[in-house]
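This briefing concerns a single protein chain. Please consult the sequence and the three-dimensional structure shown below while reading the points that follow.

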Amino acid sequence: MRSGAALCYVALVLTGAGPAAAQNSCAFQPSDLERGVFDQLNLARRDPAGYALRLEALEPSYEGKNRKLSEHNYLTTREGAAAVEEAVRELKKTGPRAPLAWNACLGASAAEHVRDSGPSGWVGHASRGGEPFDARIRRYVKRARRLGENIGYGGRDAEDFVEQLLIDDGVPDRGHRRNMLDPHFSAAGVACGPHAVYGTMCVIDFAQE
């Protein structure tokens, strides 16, 4: 049985904007999964070398390009254990990053994208109507100097989503990992939900405030 995961990445630097204004009007409340993804993300930022040990423990589960998830369930990857090994090396030489602050408006932006794309199985950062991810985020967070977005598909739990985005299998520039460890980002919001093709999805929206 094949278990799929599709990952997307875009990061955008916007210049000439001032610090992000306080966005207290957003009422988004994270679920346990969403809060778990956020907490795991901050664990990786606070101690990248320590988090590398979690990834290292995954290496024996690979059989060629297939990662064994359970007795009859495999995840087919593009790079196999080589991507994990590369992620471990990079995390071990990365210094600690400041933890991100939870931003409910970034969470609300991420939730909008989950609602828009999940039921139809849409994949990507733009909306089904073609709105770019940064335009969506800016409807919620008006004045940020830098924006980014990660999307993970097919994760089984919070750790799985964060691990797959840090490994970044099949993404040549490792953009998901760069977003997650970017020292310029100061805030994030997470939203997760069902996805018609991959079963689950989580969107992480980042901002430099």
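In this predicted model, the side chains of glutamate 79 and arginine 174 meet in a salt bridge, with 2.8 Å between N and O; a salt bridge is a side-chain nitrogen of Lys or Arg within 4 Å of a carboxyl oxygen of Asp or Glu. Glutamate 79 lies in the loop between strand E5 (73-76) and H3 and arginine 174 in the loop between H6 and H7, so the pair ties together parts that are 95 residues apart in sequence. Helices (H or I, at least four residues) and strands (E, at least two) are DSSP runs, numbered from the N terminus.

Residues are numbered from 1 along each chain as its sequence is written, and side-chain values use heavy atoms, with hydrogens and water left out. Because the model is predicted, local features need pLDDT of at least 70 and side-chain atom pairs count only at pLDDT 80 or more, whereas totals for chains, interfaces and linings use all residues.

**Salt bridges**

- Arginine 174 is buried, with a relative accessible area of 12%, whereas glutamate 79 is partly exposed at 28%; buried means under 20% relative accessible area, exposed over 50%, and partly exposed in between (1.4 Å probe, protein chains only).
- Glu79 and Arg174 also belong to a network of salt bridges that includes Glu86 and Arg177.
- Arginine 139 forms a salt bridge with glutamate 112, and the closest N and O atoms are 2.5 Å apart.
- That pair links distant parts of the chain, 27 residues apart: arginine 139 is in the loop between helix H5 (133-138) and E7, and glutamate 112 is in helix H4 (residues 104-117).
- Arginine 139 is partly exposed, at a relative accessible area of 39%.
- A further salt bridge joins arginine 178 to aspartate 173, with 3.3 Å between the closest N and O atoms.
- Arginine 178 is partly exposed at 43% relative accessible area, and aspartate 173 is partly exposed at 38%.
- A search of the whole structure finds 15 salt bridges.

**A buried glutamate without a salt bridge**

- Glutamate 163 is found in helix H6 (residues 158-167).
- Glutamate 163 is buried yet has no salt bridge, and the nearest side chain of opposite charge, that of arginine 67, is 4.4 Å away; Lys and Arg count as positive and Asp and Glu as negative, while His and the chain ends are not counted.
- Apart from neighbours within four places in sequence, glutamate 163 is in contact with Tyr51, Arg54, Leu55, Leu58 and Arg67, where contact means heavy atoms within 4.5 Å.

**Strands around E9**

- Strand E9 (residues 199-208) is mostly covered, with 8 of its 10 residues buried.
- Strand E7 (residues 146-153) pairs with E9 in the antiparallel sense over 8 bridges, and glutamate 149 stands opposite aspartate 205 in E9; two strands pair if DSSP finds at least two bridges between them.
- Strand E8 (residues 187-195) runs antiparallel to E9 and is joined to E9 by 9 bridges, with alanine 188 opposite phenylalanine 206.
- E8 and E9 form a hairpin with 3 residues between them.
- E8 is mostly covered as well, since 8 of its 9 residues are buried.
- E6 and E8 run parallel and are joined by 2 bridges; alanine 101 stands opposite alanine 187 in E8.

- The 15 residues of helix H1 (residues 32-46) should span 21 Å at 1.5 Å a residue, and the end C-alpha atoms are 21 Å apart, which agrees; the expected span is 1.5 Å times one less than the number of residues.
- The buried residues of H1 include Val37, Phe38, Leu41 and Ala44.
- Packing against the buried residues of H1 are helix H2 (48-56), strand E6 (101-102), H6, helix H7 (175-181), E8 and E9.
- Valine 88, in helix H3 (residues 81-92), counts as buried at 4% relative accessibility.
- Not counting residues up to four places away in sequence, valine 88 touches Ala52, Leu55, Glu56 and Glu59.
- The C-alpha atoms of valine 88 and isoleucine 167 are separated by 8.3 Å, although the two residues are 79 residues apart along the chain.

**The chain as a whole**

- The chain has 7 helices and 9 strands, and buried residues make up 53% of its 209 residues.
- Among contacts between residues at least 6 apart in sequence, 75% join residues at least 24 apart.
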